[in-house]
Amino acid sequence: MSPGDIFILGVQWIHTLAGVAWVGGSLFYLLVIRPAYRKSTSQLDTATSVATGFRAVVDIAVIVLVITGVVLAFDRLTSRYTDVSYVSVLGVKAALSLWMFWLAGVIQKRRRFLVRGSTVPGPNLGTSLPNRVFASANLIAIIGIIVFLLSDLLQALFEDALKAM
């Protein structure tokens with residue numbers, strides 16, 4: 001392995017860890033923490049501190065994902081083994097990632113607005129199943145899972161291109 005290969009391996013590892021921290025944390029928040037706090041409203045301060053701590057993880061993860069994603073995209077796009085299908089899937093993955101970043105920003109702005117003492121809540125999506133599924137926090141987790149699937153697809157496409165050469 002060349003030093004460049006070791007560098008790219010390290011960047012891939014850091015990129016994956018940041019994605020796992022964000023998506024895994026989102027799933028843990030949605031499936032464990034949020035239901036627990038809905039049952040007990042007396043722990044609102046704890047819920048707020050958990051949300052604030054998770055926000056810091058998300059902020060760091062977004063920065064790391066953007067930087068490492070650009071490095072990895074440049075590495076793959078400049079490879080002679082990259083074809084149109086790889087570029088297409090990478091484009092979809094990048095678009096979904098940007099959507100996740102935007103949704104995370106929307107959640108942060110809504111939370112900041114509510115923390116400042118406003119009595120005006122965020123948009124009320126109702127309690128129907130489609131509205132709950134597509135609420136911002138849920139949608140981030142769903143898109144994150146899809147992005148992980150696309151990452152595996154990109155790896156498979158690249159490995160297949162290597163075998164074909």
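1. A word on terms before we look at the helices: axes here are lines fitted to C-alpha atoms, for helices over the stretch in contact, with angles running from 0 to 180 degrees between N-to-C directions. This is a predicted model, in which local features need pLDDT of at least 70, side-chain atom pairs count only at pLDDT 80 or more, and totals for chains, interfaces and linings use all residues. Residues are numbered from 1 along each chain as its sequence is written, and side-chain values use heavy atoms, leaving out hydrogens and water.

2. Have a look at helix 1 (residues 3–39) and helix 5 (residues 136–164): their axes come within 10 Å and cross at roughly 145°. Helices are DSSP runs (H or I, at least four residues), numbered from the N terminus.

3. Helix 1 has 37 residues and spans 52 Å from first C-alpha to last, close to the 54 Å expected (1.5 Å times one less than its number of residues). A kink of about 40° is centred on Tyr 29; the bend is the angle between axes fitted to the seven residues ending there and the seven starting there.

4. On confidence, the average pLDDT (the predictor's confidence in each residue, from 0 to 100) is 82 for the protein.

Note on methods. Helices (H or I, at least four residues) and strands (E, at least two) are DSSP runs, numbered from the N terminus.
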